[in-house]
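Please read the following explanation with the sequence and the model side by side.

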Amino acid sequence: MLVIINFKTYKEATGNNAVKLAKSFSKFRNVIVCAQASDIANTSNLLTTFAQHIDPVDVGMNTGSITAFAIKSAGARGTLLNHSEYRLSFEELKSCLSLAKKYKLRTVICAKDSEEVKRFAKLKPDFIAIEPKELIGGKISVTMASPWLITKSLKAAGRIPLLCGAGVHSKEDLLTAKKLGAKGVLIASAIIKNKNPAKKLKELLQ
Ligand code: G3P
């Protein structure tokens with residue numbers, strides 16, 4: 001079971017805190033962190049790091065953009081795309097996907113419903129993550145509230161491995177996700193906001 005921990009822009013997961021977290025997670029297998037672009041160079045030395053986003057532009061005159069080439073050079077192995085906190089149009093997604101492929105980066109496209117899962121599957125990302133926006137950051141997980149959505153999304157994803165996220169916070173959530181057929185989960189607040197993030201992660205993985 002893959003566990004992707006999204007650092008978002010939480011203070012607890014920025015700068016030196018991002019490095020501390022990455023260090024404490026590095027002993028676990030199948031864990032990937034999504035760090036802010038400014039932290040990738042530091043966390044990628046410690047464990048597999050994805051970016052949280054890339055812009056649909058390549059190297060050149062694009063001041064302020066986050067390029068696939070830049071995150072690759074910083075040590076990222078992949079990127080999240082279209083997170084509900086950073087949505088992209090279908091055309092933008094297409095460009096991001098081809099840039100990610102050009103620079104040999106893995107891709108996880110986030111989708112809000114099974115219709116989107118079906119559309120995004122055509123772009124052939126490495127993973128699709130189903131995340132109902134209204135459950136993000138809360139205590140009710142996608143596996144508790146919407147197991148049907150995971151089942152429906154699995155069908156819609158076809159051969160693309162499906163991940164799920166939003167409100168995931170317990171060992172049971174991970175077990176249910178696995179039982180339903182998801183290949184992994186995306187988690188943020190339950191780990192980052194915990195007093196002892198590494199202990200919480202260990203508990204979830206048991
Ligand atoms: O990318 C994962 C994230 O959106 C889930 O957030 O806080 O509900 O675990 P959270």
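Helices (H or I, at least four residues) and strands (E, at least two residues) are DSSP runs, numbered from the N terminus. The model is a predicted one, in which local features need pLDDT of at least 70 and side-chain atom pairs count only at pLDDT 80 or more, whereas totals for chains, interfaces and linings use all residues. Residues are numbered from 1 along each chain as its sequence is written, and side-chain values use heavy atoms, with hydrogens and water left out.

Ser44 counts as buried because its relative accessibility is 19%, where buried means under 20% relative accessible area, exposed over 50%, and partly exposed in between, with a 1.4 Å probe and protein chains only. Apart from its neighbours within four places in sequence, Ser44 is in contact (heavy atoms within 4.5 Å) with Thr49, Ala74, Gly75 and Ala76.

Val3 belongs to strand 1 (residues 2-6), and it is buried, with a relative accessible area of 1%. When neighbours within four places in sequence are left aside, the contacts of Val3 are Asn30, Val31, Ile32, Leu174, Val185, Ile187, Leu201 and Leu205. Between the C-alpha atoms of Val3 and Lys179 there are 15 Å in space, while 176 residues separate the two in sequence.

Lys8 is located in the loop between strand 1 and helix 1 (16-25), and its relative accessible area of 12% makes it buried. Although Lys8 is not a glycine, it has a positive phi of about 45 degrees. The backbone oxygen of Lys8 lies 3.3 Å from a polar atom of the Gln36 side chain, which is a polar contact, that is, a pair of N or O atoms within 3.5 Å; within protein, one must be able to donate a hydrogen and the other to accept it, and residues adjacent in sequence count only if both atoms are side-chain atoms. Gln36 itself is in the loop between strand 2 (31-35) and helix 2, and at 16% relative accessibility it counts as buried. Beyond four places in sequence, Gln36 is in contact with Lys8, Thr9, Tyr10, Ala13, Thr14 and Gln52.

Which residues surround the ligand? They are Asn6, Lys8, His83, Glu131, Ile136, Gly137, Ala166, Gly167, Leu186, Ile187, Ala188 and Ser189, each with a heavy atom within 4 Å of the ligand. A polar side-chain atom of Lys8 is 3.0 Å from an oxygen atom of the ligand, a polar backbone atom of Gly137 is 2.7 Å from a ligand oxygen atom, and a backbone N or O atom of Ala188 is 2.8 Å from an oxygen atom of the ligand. Of the 310 Å² of accessible area that the ligand has on its own, the protein covers 100%; such areas come from the Shrake-Rupley method with a 1.4 Å probe, and for residues only the protein chains shown count as cover.

Two loop residues remain. Tyr103 is found in the loop between helix 4 (90-102) and strand 5 (106-111), and it is buried, with a relative accessible area of 15%. Not counting residues up to four places away in sequence, Tyr103 touches Asp58, Val59, Ala68, Phe69 and Lys72. Lys124, in the loop between helix 5 (114-121) and strand 6 (127-130), counts as exposed at 58% relative accessibility, and it has a positive phi of about 55 degrees although it is not a glycine.
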